[in-house]
Amino acid sequence: MTRPSLTSIRAIVPRPTGWQGVAGDWSSDQRAFKNVSWGKVMMWIFLLSDTFVFSCFLLSYMTVRISTTVPWPKPSEVFALTIGGKSIPLILIAIMTFVLISSSGTMAIAVNFGYRRYRVKTAIMMLATAAFGATFVGMQALEWTKLITEGVRPWGNPWGAVQFGSAFFLITGFHGAHVSIGVIFLIIVARKVWRGDFDRGARGFFTSRRGRYEIVEIMGLYWHFVDLVWVFIFAFFYLW
Amino acid sequence: MTQTTPGGEGAQHPIKLYLVVWGGLFVLSTFSYLVDYFNLQGNLRWSLILLFMIMKAGLIVAIFMHMAWERLALIYAILTPPLLVLVFVGIMVFESDYTHLTRIIFFGAQS
């Protein structure tokens, strides 16, 4: 697991920290991100671009909500569920939030197990994460079905501002697509971990490069990001 | 240790850390749900929603995504650009307030 050519100098000269470290890292004429592998950096940069995508969605939602002269439907009532004859506001969304946070928890533990080279435990925690993710998507499908049968469309709804439907379907749909892709990605990586690809240094079918347990962490970055986006959607769309 | 295992700092944290953060996220989510459940309104509502949101986002990025242990060069490169989106938010608030105003003036409030 060592990268000799890169680590040799590092071990001798300690790198400065703080602002001096920032300046030093960027001006070194080599690579800016010293102890982060290219895979992690690329995932972070992808997530940064994805942040802008979701920012634009939430911003356009904010814009249409502020500028409309028609009252905005109350999310607290729209997303209420009747359980046992009692209407509980936003309960499905709250459960979805807890499910997604739990998936993040199992993912964080999977990353930790991955670095300890616990092959089977890592795969199990990743599959648990995928199961939570699939549950989340399932509940979202339920929510969409409920709203569509109640007459919510991208161009109108029974309660107020027409932009409610378009903002809802766009934002939650895009987030749900991210979760679905994450579940597929999780299952693929979990299968590789399970087979022991990263212990044997087996070559990937697509890249023909030897995989490392680091892919679990890269996968984890993506998954936590999906949870992170939900934190903002939950606050701005459902609670606001 | 961290020098020889690329990105291997994750291995040094006890599982307990993640369980504590997990619990913390659960508690914060419950709080933000209760804001809606007890139907708090006005500034109290917005400030509590934003507070819990920022705390949750901070915990996820810092601990779950290991940002707290990265070098500052990466932290600034990734976290500064999203903060600049706030400028965009400011611009759009002005713009949509203006649109709202013109709609009221020219179409009248239809509620």
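1. Helices here are DSSP runs of H or I with at least four residues, numbered from the N terminus.

2. This is a predicted model, in which local features need pLDDT of at least 70 and side-chain atom pairs count only at pLDDT 80 or more, while totals for chains, interfaces and linings use all residues. Residues are numbered from 1 along each chain as its sequence is written, and chains are lettered from A in the order in which they are written.

3. Back to our pair: the axes of α3(A) and α9(A), lines fitted to C-alpha atoms over the stretch in contact, lie 10 Å apart at an angle of about 15°. That makes the two helices roughly parallel, a label for angles under 35 degrees.

4. Which residues meet? Among them are W44(A), L47(A) and F54(A) from α3(A), and L221(A), F225(A) and F232(A) from α9(A). Contact requires C-beta atoms, placed from the backbone, within 7 Å. The residues of this contact divide into 14 nonpolar, one polar and four charged; nonpolar covers Ala, Val, Leu, Ile, Met, Phe, Trp, Tyr, Cys and Pro, charged covers Asp, Glu, Lys and Arg, and the others, Gly among them, are polar.

5. Now look at where the chains touch: 56 residues of chain A and 54 residues of chain B take part. On the side of chain A, α5(A) gives the most, with eleven residues.

6. Chain B has three helices and zero strands.

How values were computed. Contact = placed C-beta atoms within 7 Å. Axes fitted to C-alpha atoms, helices over the stretch in contact; angles between N-to-C directions. Parallel < 35°, antiparallel > 145°, perpendicular 65-115°, else oblique.
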